[in-house]
Amino acid sequence: MGNCSPSPRRRRPTEPDSPPLGSTVSAPTVTVNSISVSSYALARSPSVSAAAVDAEDAGVVRVYGSDGCPVAWRLRVSLLYKAAAPLHFTPSEAAPLGRPVLRLSAADPEVCGTADELLRLVDARFEGKPRVAPPERPRAASPSAAAAAEVAELVRLQHRSAERHLEGVAAKVAEMVKKGKKSGKGRNVVEGAEVRRLGKWYGDAMEVMLEHARMEETLIFPDIQRASFPGVCDKVNEQHGRHLPMMNGIKEDIKTLLTLELGSPLFHEVVVNLSVRLKALQDHTKEHFKEEESDLLPRLEQVRRMQREEGKVSDKSSSAWASEAVATMEMTHSKLFPFFMTGLLPQEAMQYLDLVCRCTKNTRHLVSMLRSLAERLEDANPSIIHNNPTKLYEHLLVKSP
């Protein structure tokens, strides 16, 4: 962004002059829904009349900001999850650097603020779930406790996404089993496109689960074992080893389906076998996640204290551990990020979004993640976003080219 002043626009009679970019003059403060934020009158083309803007804006929430501003993209994603009003995003270099401008309706002023201020404003205006502003976090007893809580939250939310995607795949296969029983009436009920979408869904879920397992095996389990006692992680490591052949077997079954005649007895037999394999993987995975969350995650604070005593960690960065975990799962937090997020309930998604925004230091990468998620959510009906999250993914999968 340059330091040139924004182009002038037609002002409403009661509207104050907006300060030029780079000006040291503070923007006037306004109170909207009991929250104090800075008013910021955006410059627009003189050819656009105020009356035309008001008519167009009637019930629309508008966000203005730089296309490279992560706060603008976070606000946009949060409003899409809120799904309370139509949303329009306008790239605008007239918005102050790092601070998007928000207008909740035609009757409201354009306001500017930090991410937390603007998200609280959205919650105050549009009550109901999900709450998009980060909750007030209790002060941690120590930097080690804060770091451990972040990593534990990250792991738990990743577990929930994996569980729901497995449930979604299993439900789709169960539906195919029922359709297969009807195919004996002289028609193929299961279509080839369904099998291909199933393969894509399961393949993405498998990639996320494998990345999650590798992150735990390299970043968490070894230090838990050092900080506790030998063998404390043996069981979960063995479970990871048992899950891989099960997951590969399911993958091969889906590949086999793609080679078989739709509706044939052999096709139906493989689908039934696939359903059994998926149920077994679901059961094993749920039990595995339960054991990790009850037996291992409570040890993370002890692990972080040990790391600090060994001089491996700076007291200044409580988010460094979670940042490392996010960075380790490269595919999950890039190409597969929209897929991963559709495994979370809306409130869980807001929790994970807050974690990712705090733990991703590369601004360009964070913007890329948020943009990809916003673009997918814009393809969905708001009612789908608030229902079973895997229904959202299935809807987006069908709409994919």
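What percentage of the 401 residues of the chain count as buried? The share is 49%, where buried means under 20% relative accessible area, exposed over 50% and partly exposed in between, with a 1.4 Å probe and protein chains only.

## Basis and confidence

This is a predicted model, in which local features need pLDDT of at least 70 and side-chain atom pairs count only at pLDDT 80 or more, while totals for chains, interfaces and linings use all residues. Residues are numbered from 1 along each chain as its sequence is written, and side-chain values use heavy atoms, with hydrogens and water left out.

The pLDDT, the predictor's confidence in each residue on a scale from 0 to 100, has a mean of 82 for the chain, and 78% of the residues reach 70 or more. Over residues 1-26 pLDDT stays under 50, and the model has 39 contacts there beyond four places in sequence; a contact means heavy atoms within 4.5 Å. Residues 43-49 also stay under 50, with 15 contacts beyond four places in sequence.

## Overall composition

The chain contains 14 helices and six strands. These are DSSP runs numbered from the N terminus: helices are H or I with at least four residues, and strands are E with at least two. Among contacts with a separation of 6 or more, 73% join residues 24 or more positions apart.

Strand β3 (residues 61-65) is mostly covered, with five of its five residues buried. Val 61, Val 63 and Gly 65 point one way, and Arg 62 and Tyr 64 point the other way.

Strands pair if DSSP finds at least two bridges between them. β3 pairs with β4 (residues 87-91) in the parallel sense over five bridges, and Arg 62 stands opposite His 88 in β4. With β5 (residues 101-103), β3 pairs in the antiparallel sense over three bridges; here Val 63 stands opposite Leu 102.

β3, helix α2 (residues 70-82) and β4 form a right-handed β-α-β unit: with the strands pointing away from the viewer, the path from the first strand over the helix to the second runs clockwise.

## Helix α6

Helix α6 (residues 234-257) has 24 residues and should span 34 Å at 1.5 Å a residue; its end C-alpha atoms are 36 Å apart, which agrees. The expected span is 1.5 Å times one less than the number of residues.

Buried residues of α6 include Val 236, His 240, His 243, Met 247, Ile 250 and Leu 257. Their cover includes α5 (192-227) and α7 (265-296).
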